[in-house]
Amino acid sequence: MNPSSSLPDAKPSQEADSSVLQIWGGHPLGGHVKISGAKNSALVIMAGSLLCSGDCRIRNVPLLADVARMSEVLSALGVGLTREGDMLDINAREITTSTAPYELVTQLRASFFAIGALVGRLGAAQMPLPGGCAIGARPVDLHVRGLQAMGAEVHIEHGICHAYVPGNRGRLQGAKIYLDTPSVGATETLMMAATLADGETIIENAAREPEVVDLANFCNGMGAKIQGAGSSKITIVGVTNLHSIDYSIIPDRIEAGTFLVAGAITGSEISMSPVLPSHLTPVIAKLQAMGLKIIEDTPDCLRILPASTLTAIDIETLPHPGFPTDMQAPFMSLLSVAQGDSLINESVFENRLRHASELNRLGADIRVKGNTALIRGVPSLSGAPVIGADLRASAALVLAGLAAEGQTTFQGLQHLDRGYDRIDLKLQQLGAKIVRVLNVEQDTELTSSGSTPVTST
């Protein structure tokens, strides 16, 4: 058991590939759900621990397949890791190699961001080009150009990015860097590299996401000198070394937003904490525009109240502080049962509307042209077998299954487990009729008996 939670530990990731979720829709939810630490903060802060020559204790670390993969990447570099509940101890005093394993990095895009920390501390790194969800091109050219501006030699050969500080300098040099787009990954990579560089680095058109601020706070807690995180201009004055830290990761705003949509799509009242409402401003604004009420019970606890009618709205995804691309798919599920026509324009990533066809399988009426989706609200959805193509699409299909009449069989748990800390068990605790089974055949007896499954948590 995880001592920080009443939920059991997650299933091994290899089981997720062959498991499915069976969802019996139409059941109201109720109660309170605990929001886990932010996935995107956890991964980059784990990479940031490579900058520290002491021990790092990171709290509020979510139990995710991606966190397990990042742990494997760090272990392969010679880093010591110990986990107890949601607390992760990392000892990067001795990094035995600057070469990350190909088979691990290609499964997890965020692991590539460790190249900044490795070059910053060791003066060299060999990092395979990254993998992750296939939601569109996310090139590493901004990372490469930024490291080059700081004096690194960088070349890509046979799928491996080689970066090193030439000569006897050993340290990167401060530089002025302008990002063509406010890339979160590039901002974080270059910020980490600059913490141990010689002189001042200025990153213009930097990403403003809360996870960037969380990384800056983590680094500053170790003795870095970073100012301006959360704005479009970040200034870093390099230091010679960083010290030990005990740090707690921010709550996951995307998980919180997903549970807000779960309440909205099932017509349920649920509360959630801990949250940082300021991180959810665009999500809350769109839910309110649909007719839902969001109440701030305490500074870190939100409650959603059901609406008698869901009103259609338009959404355009944008970098923070705009509407987050990671909430686009869950909102498409919600808009599919709203009254009227809604328009979603996905302006951050291409290939991120593939869940539309699976939602249509559940009875939604969605037409996609390019990066735009027209959603014509329907009175109800009906259960069907569906497959999740990526992390957030998978969450959207689970949400739709909660609202659909009858049974939905969801495949794609290997995606869902990458970014949601035991979401099926959290939904069970809220009253959802949802169960994870190793294969569809295992569920035949359940459905043929006409009974609704009840599983122990």
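Which residue in E22 does Val386 stand opposite? Phe410. Keep that pair in mind.

First, the ground rules. This is a predicted model, where local features need pLDDT of at least 70 and side-chain atom pairs count only at pLDDT 80 or more, while totals for chains, interfaces and linings use all residues. Residues are numbered from 1 along each chain as its sequence is written, and side-chain values use heavy atoms, without hydrogens or water.

Now the sheet. Helices (H or I, at least four residues) and strands (E, at least two) are DSSP runs, numbered from the N terminus. Four strands form an open sheet in the order E21-E22-E1-E23, with mixed pairing. Strands E21 (385-387) and E23 (433-437) are at the edges with a single partner strand each, so one side of each has no neighbour in the sheet. E21 pairs with E22 (residues 407-411) in the parallel sense, over three bridges. Two strands pair if DSSP finds at least two bridges between them.

Next, Val140. UniProt, in an unreviewed entry, lists Val140 under "binding site", along with residues including Arg109 and Asp326. Such annotations may be inferred rather than shown by experiment, and their positions follow the numbering used here. Val140 lies in the loop between strand E6 (124-128) and helix H6 (141-149). Is Val140 buried or exposed? Buried, with a relative accessible area of 10%. Buried means under 20%, exposed over 50%, partly exposed in between, using a 1.4 Å probe and protein chains only. Leaving aside neighbours within four places in sequence, Val140 is in contact (heavy atoms within 4.5 Å) with Arg109, Phe112, Leu129, Pro130 and Ile156.

Last, helix H8. Its buried residues include Val212, Leu215 and Phe218. Gly223 follows H8, with a positive phi near 110°.
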